[in-house]
Amino acid sequence: MMMNRKTLKSDGFAGFRAFDSLEIIRIPQGTGVFAILRPNEFEPHFLKISTAGTFKKKNPTLPADAILAEWVDGADILYLGKAGPGSKGNRGLRNQIKEFLDFGRGRPPGHWDGRLIWQLTHTDELIIAWKEVPAEEVNQAEAAYHAAFVADHGRLPFANLVQAKVRN
């Protein structure tokens, strides 16, 4: 079965809201996984300079040829991420997604993941979906979704630059 919006829905993902209409308060606070998807008919156009914040004095912008090389033709999933409990147990989907969106607005991030999203034009049209997963299963779930995507497309989603591994 092809890894796409339909399979995510059938696997229990919820939300499926465009960035510009997302209400953060409606995102669950629990741990889980989330996906960034392109809307139907979305064609990739890239900014010369990323809107993402600087991370540890590193510029998130990639050269045009490098970012285009990461695009996965035919895939509607652009990024698969996770939201664990954090060291103090106060993280989760709502905080992780809020920080992800803030990263795209130029705020310094707590992590570097998914930065290629913020070099696309029209990011307000992108769609976010999430699935609550118990904290002890988050790493396994993210790794499984990455593996399924790679099995279907031969590579990771556009904005995933490192494949998740299960940590023991």
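Hi everyone, let me start with helix H3: its buried residues pack against E2, E3 and E4. This is a predicted model, where local features need pLDDT of at least 70, side-chain atom pairs count only at pLDDT 80 or more, and totals for chains, interfaces and linings use all residues. Residues are numbered from 1 along each chain as its sequence is written, and side-chain values use heavy atoms, with hydrogens and water left out.

A few terms, quickly. Buried means under 20% relative accessible area, exposed over 50%, and partly exposed in between, with a 1.4 Å probe and protein chains only. Helices (H or I, at least four residues) and strands (E, at least two) are DSSP runs numbered from the N terminus. Contact means heavy atoms within 4.5 Å.

Back to H3, residues 93–104. Nine of its twelve residues are buried, among them Ile 97, Phe 100 and Phe 103.

Four strands form an open sheet in the order E1-E4-E2-E3, with antiparallel pairing; two strands pair if DSSP finds at least two bridges between them. The edge strands are E1 (14–18) and E3, each pairing on one side only. Neighbouring strands are turned by 20° against each other on average, direction ignored. Axes here are lines fitted to C-alpha atoms, for helices over the stretch in contact, and angles run from 0 to 180 degrees between N-to-C directions.

Six bridges join E2 (residues 32–37) to E3, and Leu 37 stands opposite Ile 77 in E3. E3, residues 77–83, has six of its seven residues buried.

Helix H4, residues 138–153, lies across E2, E3 and E4 and runs at about 165° to E3.

Finally, the cores. A nonpolar core is a set of buried Ala, Val, Leu, Ile, Met, Phe, Trp, Tyr and Cys residues joined through side-chain atoms within 4.5 Å. The largest has 28 residues, and Phe 19, Ile 36, Ile 97, Ile 117 and Phe 158 touch the most other members. H3 gives the largest share, five residues. A second, separate core of 18 residues includes Ala 35, Val 72, Ile 127 and Tyr 145. Thanks, everyone!
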